[in-house]
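Subject: Structure handover, with notes on helix packing and backbone

Dear colleague,

Please find below the structure I promised to pass on, together with its sequence. My notes on it follow directly after.

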Amino acid sequence: MKVAITGHRIEEYQGTEADRTFKWIESMGGWMADRGMTEIISGMAAGADLWWAQQHQKQEIPLHGYVPYWKQALNWETEWIMFWDEMILDCTDVTVFGKSEPYDVTLFHKRNEAMVADADEMLVVWKEGKSTGGTYSTFQKWKATGKPWHWYDPLTNTVKHGHGETIDE
């Protein structure tokens, strides 16, 4: 079972939201491994994506990095660049969706669409009510597949599980 994540970048978190999100992702790594996860898929962005990528080390599961372009981390803070470098070198596979120059925002959409197509389950870190950006767009595309999802809202510290448009009770 291939499990991907879509989630907010590090600058989206306030207060304790980042710590709570990291802990949820860590717990989901163990839960998914126990359920037969065979590959971790990560879009390799700073925040939820890289925290999920890191779970491959703890769970000893192959990591597949989905990178929009090689200079993805170029303008990040140093600690995140170093984290990205470590994770990209640990990847079993890397799929790159385009050239670094010129910058092309559509490469992020191509990356997200490929993750939706390739994954069997999706972890979602999304603040309900935020209706713009890649996380929202990817979650909407994911729900249209009918495949299972696990959504953590860092704003309300709540978790929901579902498939398609249905929330499992």
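In this predicted model, the axes of helix 4 (residues 106-118) and helix 5 (residues 134-145) come within 10 Å of each other and cross at roughly 30°. Since angles under 35 degrees count as roughly parallel, helix 4 and helix 5 are therefore roughly parallel to each other, and the crossing in which helix 4 passes helix 5 is right-handed. On the side of helix 4 the contact is made by N112, E113, M115 and V116, and on the side of helix 5 by G134, T138, K141, W142 and T145. Sorted by class, the residues of this contact are three nonpolar, four polar and two charged.

Helix 4 itself has a length that can be checked: at 1.5 Å a residue its 13 residues should span 18 Å, and its end C-alpha atoms are 18 Å apart, which agrees. The buried residues in helix 4 are L107, F108, R111, N112, A114, M115 and V116, and they pack against strand 1 (2-7), strand 2 (39-42), helix 2, strand 3 (63-67), strand 5 and helix 5. In the loop between strand 4 (93-96) and helix 4 sits P102, and the peptide bond that leads from E101 to P102 is cis, with omega near -10°.

Helix 2 contributes L50, W51, A53, Q54, H56 and Q57 to the contact, while helix 3 contributes W80, F83, W84, E86, M87 and D90. By class, the residues where helix 2 meets helix 3 divide into seven nonpolar, three polar and two charged.

The same kind of length check can be made for helix 2, where twelve residues at 1.5 Å a residue should span 16 Å and the end C-alpha atoms are 17 Å apart, which agrees. The buried residues of helix 2 are A48, D49, L50, W51, W52, A53, Q55 and H56, and I would draw your attention to two of them, L50 and Q55.

L50, which has its place in helix 2, is buried, with a relative accessible area of 0%. If neighbours within four places in sequence are left aside, L50 is in contact with S42, M44, A45, W76, W80, F83, W84 and M87. From C-alpha to C-alpha, L50 and E26 are 12 Å apart in space, and in sequence they are 24 residues apart.

Q55, which also lies in helix 2, is buried as well, with a relative accessible area of 2%. Again leaving aside neighbours within four places in sequence, Q55 is in contact with I25, E26, G29, I40 and E60.

E60 is found in the loop between helix 2 and strand 3, and with a relative accessible area of 72% it is exposed.

Where else does a residue other than glycine have a positive phi? At N157, whose phi is near 60°, and which is found in the loop between strand 6 (148-153) and strand 7 (158-163). With a relative accessibility of 45%, N157 counts as partly exposed.

One further loop residue is E128, which is found between strand 5 (121-125) and helix 5 and is partly exposed, with a relative accessible area of 48%. Although E128 and P154 are 26 residues apart along the chain, their C-alpha atoms are separated by 9.0 Å. Apart from its neighbours within four places in sequence, E128 is in contact with W151, D153 and K160.

Conventions
Residues numbered from 1 in each chain as written. Predicted model: local features only at pLDDT ≥ 70, side-chain atom pairs only at ≥ 80, totals over all residues. Heavy atoms only, no water. Axes fitted to C-alpha atoms, helices over the stretch in contact; angles between N-to-C directions. Helix = DSSP H or I, 4+ residues; strand = E, 2+ residues; numbered from the N terminus. Parallel < 35°, antiparallel > 145°, perpendicular 65-115°, else oblique. Left-handed = near helix turned anticlockwise from the far one by under 90°. Contact = heavy atoms within 4.5 Å. Nonpolar A, V, L, I, M, F, W, Y, C, P; charged D, E, K, R; others polar. Expected span 1.5 Å × (residues − 1). Buried < 20%, exposed > 50% of the residue type's maximum accessible area, 1.4 Å probe, protein only.
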